[in-house]
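Student: Take me through this structure, please. Start with the term I need for side-chain pairs.

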Amino acid sequence: MILQNNFFNKFIALILILIIAPFLGGVYGILHDQITYSISEEYYTKFKFIQFGLGDWGLGENIGTTTKPEIKLNNPRFGASIIGTLATWWVGMIIGVILGFIGLIHNNAKMMFKTTMKAFLLTTGIALLTGIIGLLYGKLFLTENRPNWYFPKNLIDFDNFIIVGSMHYFSYLGGLIGLIIGIIYSVIQKKKDTIQRRI
């Protein structure tokens, strides 16, 4: 009976993690894209808003041309928040699934939930830190040696566009690195808990 209750409680904990993870992933994306929008509005108006089709959502209009589009939104920061959410909620979901199932190794639902959420926040923090490193890398190196990326034909500020692009790429890399560290953290906490129970 105790084992059945433990299994049920862990199942509930897993469901909660799977609900919370994409939400936190979306929040991270909003904060991330508010920062990058402040650095390069063109990255959004001449690239991301077009890529995600926000001009067709009735939120604004194309003030450019067919070949050189530029989407002007009524509330561009809200648009950046939409982009951030759409770009990262699913990453949060994937991380939540992996960490959630790894979390099943823990002795009880409380330990599972607590450790998994800490691992998730650790992953997010590492993603943000790696993104900042990407920002600095873009500023110090990529602006001097322009990468072979897609650049809008009507782009004016190449440097800030590159800096923001670098931060975005590094943030995804940071998510992967953070996930690995999050898994290691969860396993270490399991070992510590097991040792404490034996004492």
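Tutor: A polar contact is a pair of N or O atoms within 3.5 Å; within protein, one must be able to donate a hydrogen and the other to accept it, and residues adjacent in sequence count only if both atoms are side-chain atoms. Here, the side chain of K46 makes one with the side chain of E42, at 2.5 Å.

Student: What sort of model is it, and how are residues numbered?

Tutor: It is a predicted model, where local features need pLDDT of at least 70 and side-chain atom pairs pLDDT 80 or more, while totals for chains, interfaces and linings use all residues. Residues count from 1 along each chain as its sequence is written, and side-chain values use heavy atoms, leaving out hydrogens and water.

Student: Back to K46. Buried or exposed?

Tutor: Buried, with a relative accessible area of 5%. The cut-offs are under 20% for buried and over 50% for exposed, with partly exposed in between (1.4 Å probe, protein chains only).

Student: Which helix is K46 in?

Tutor: K46 sits in α2. Helices (H or I, at least four residues) and strands (E, at least two) are DSSP runs, numbered from the N terminus.

Student: What does K46 touch, beyond four places in sequence?

Tutor: P69, E70, Y150, P152, N154, L155 and I156. Contact means heavy atoms within 4.5 Å. K46 and N154 are 108 residues apart in sequence, yet their C-alpha atoms are 7.8 Å apart.

Student: What box does it fill?

Tutor: Along the principal axes, the C-alpha atoms fill roughly 70 × 40 × 20 Å. Buried residues make up 42% of the 199.

Student: How do the helix lengths look for α3 and α5?

Tutor: α3 has 27 residues and spans 39 Å between its end C-alpha atoms, close to the expected 39 Å. The expected span is 1.5 Å times one less than the number of residues.

Student: Now the core. Which residues touch the most other members of the largest nonpolar core?

Tutor: Y43, Y44, F49, L54 and F161, out of 17 residues. α2, β2, α3 and α5 each supply at least two, and α2 gives the most, with four. A nonpolar core is a set of buried Ala, Val, Leu, Ile, Met, Phe, Trp, Tyr and Cys residues joined through side-chain atoms within 4.5 Å.

Student: Where is T143?

Tutor: In the loop between α4 and α5. T143 counts as buried, at 16% relative accessibility. A polar atom of its side chain lies 2.8 Å from the backbone oxygen of K139. Leaving aside neighbours within four places, T143 contacts G138, D159, I162 and I163.
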